[in-house]
Amino acid sequence: MPLRAATLRELDSRIATPAYDRTGISTGIVHFGVGGFHRAHQAMYLDRLLSAGDAREWGICGVGVLPADQRMRDALRAQDDLYTLSVLAPDGSWTTRVIGSIVEYLYAPDDPEAVLAKLADPATRIVSLTVTEGGYHFSATTGAFDPDDPAIQADLAPNAVPATIFGLIIEGLARRRARGIAPFTVLSCDNIEGNGHVARTTFGTFARLRNPDLGEWVAQEVCFPNSMVDRITPVTPPSAAAEVERRYGVVDRWPVVTEPFTQWVLEDSFTLGRPDYGAVGVQLVADVAPYELMKLRLLNASHQALAYFGYLSGYRLVHDAAQDPAFRRFLLRYMDSEATPTLLPVPGVDLDQYKQTLIERFANPAIGDTVARLCAESSDRIPKWVLPVIRNRLADDGEITCAAAIVASWARYAEGIDEQGQPIDIVDRLHARLTPLARRQREDRTAFLSDRSVFGDLIDEPRFVRAYVATLDSLYANGARATVAKLAG
């Protein structure tokens with residue numbers, strides 16, 4: 001049976017369907033970047049509110065701007081903007097419901113004016129984003145907006161028909177300003193540290209480049225709250241649609257599968273109000289930073305702890321490595337002894353329970369996350385998630401054994417040859433520069449650390465270098481699995 005509004009009452013009773021009347025829901029949120037994560041996360045939270053009889057003025061209008069978004073346009077339009085969300089438990093069970101909080105979808109290249117009209121509509125009070133880190137056009141080194149992309153330049157041209165998220169959103173704000181309508185809130189939901197600050201910098205810079213007065217108005221009047229989002233949502237595998245049809249007899253053109261865990265920590269700073277997110281489990285706080293630091297240094301850094309040792313040990317799926325008792329002990333040792341002492345107080349979070357939950361999430365076989373994904377773009381991830389822990393612990397004369405070992409495991413992986421002599425497909429923007437350094441380390445153990453643009457002055461820290469070299473020595477002498485077992489204690 002095809003999924004659409006007219007068939008909802010005929011679906012398998014094991015699928016929960018919207019108990020609310022979608023026909024009366026108005027749009028209050030415009031969301032750019034409707035992918036799997038948005039549909040498993042922000043849209044899911046709003047669906048919970050609608051199911052409770054609330055938030056009927058906060059329906060979501062999805063917007064796509066990239067050529068790849070045409071597929072989402074076609075899938076959602078064919079299904080009256082409905083889709084299935086399946087939560088995959090570790091025991092293999094599925095819990096599936098139809099999400100109804102997206103009530104319309106616009107593909108900007110089809111009709112840019114329709115998108116601009118929606119942005120300028122007084123009913124639109126939040127514009128949210130999941131456009132990935134690259135969608136913000138900022139320098140990872142300086143944090144500044146990079147306006148040199150031809151698409152950005154085209155949108156800055158006089159009388160341009162906007163085609164990028166910057167051109168569209170800033171034109172929408174300009175129209176509201178000209179008409180005396182208060183600005184909407186710009187809410188980044190991307191996995192970027194200080195995502196609200198990044199959005200403020202990039203959109204504010206674009207606005208100033210277009211018109212200095214407009215830029216000043218955006219800086220003074222528009223809210224850009226920070227948020228921390230967390231839910232492992234893999235790219236929908238080709239088998240998912242067939243599995244939904246097999247289990248429930250429903251044809252969904254683009255289903256979403258995700259894990260049971262979900263978290264959203266949101267800075268409570270909105271220009272024109274917000275849905276009652278707190279009623280459905282969102283943590284509304286004055287400062288997101290402690291929660292963000294917790295995620296970066298526990299979840300994200302632990303992924304790095306698992307990744308390179310795991311790949312070199314022969315694991316290709318995250319859950320296989322996370323189910324290995326030695327890896328579990330190693331991760332907990334890193335989190336307890338090294339990462340946790342660097343955190344700020346995290347109100348409302350039991351850190352011991354959080355860490356145990358992380359291990360359980362990593363070990364969930366239903367998600368099928370790949371070790372290779374965790375190993376990608378290491379030169380961006382390690383400096384953000386692991387090196388700050390090392391520097392903090394060095395300053396406090398604290399333990400660094402595991403964190404140094406994570407860096408050494410990356411160095412060994414970066415050689416591009418595994419322990420069986422097979423090539424490793426390394427995905428990293430600095431691959432061409434770092435791999436030759438890694439291949440020199442069998443003769444010069446600190447060669448990899450000599451790239452100061454990545455490691456700064458850590459090569460000058462004797463305590464770190466000793467711990468790092470000790471792990472490299474063990475990797476060459478004993479292999480990754482034995483090294484992890486030794487580190488795990």
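Salt bridges were searched for across the whole structure, and 28 were found. The model is predicted. Three of these pairs are described below.

Glu171 forms a salt bridge with Arg175. The closest N and O atoms of this pair are 2.8 Å apart. Both residues sit in helix α6, which spans residues 165–179. Because Glu171 and Arg175 are 4 residues apart in that helix, about one helical turn separates them. Glu171 has a relative accessible area of 16%, so this residue is buried. Arg175 is buried too, with a value of 17%.

A second salt bridge joins Glu259 to Arg361. Here the closest N and O atoms lie 2.5 Å apart. This pair links distant parts of the chain, as 102 residues separate the partners. Glu259 is in the loop between β9 (256–258) and β10 (263–267). Arg361 belongs to helix α13, residues 351–362. Glu259 has a relative accessibility of 2% and therefore counts as buried. Arg361, at 6%, also counts as buried.

Asp444 is partly exposed, with a relative accessible area of 31%. Arg440 has a relative accessibility of 43%, so this residue counts as partly exposed as well.

Definitions and conventions:
Residues numbered from 1 in each chain as written. Predicted model: local features only at pLDDT ≥ 70, side-chain atom pairs only at ≥ 80, totals over all residues. Heavy atoms only, no water. Salt bridge = Lys/Arg side-chain N within 4 Å of Asp/Glu carboxyl O. Helix = DSSP H or I, 4+ residues; strand = E, 2+ residues; numbered from the N terminus. Buried < 20%, exposed > 50% of the residue type's maximum accessible area, 1.4 Å probe, protein only.
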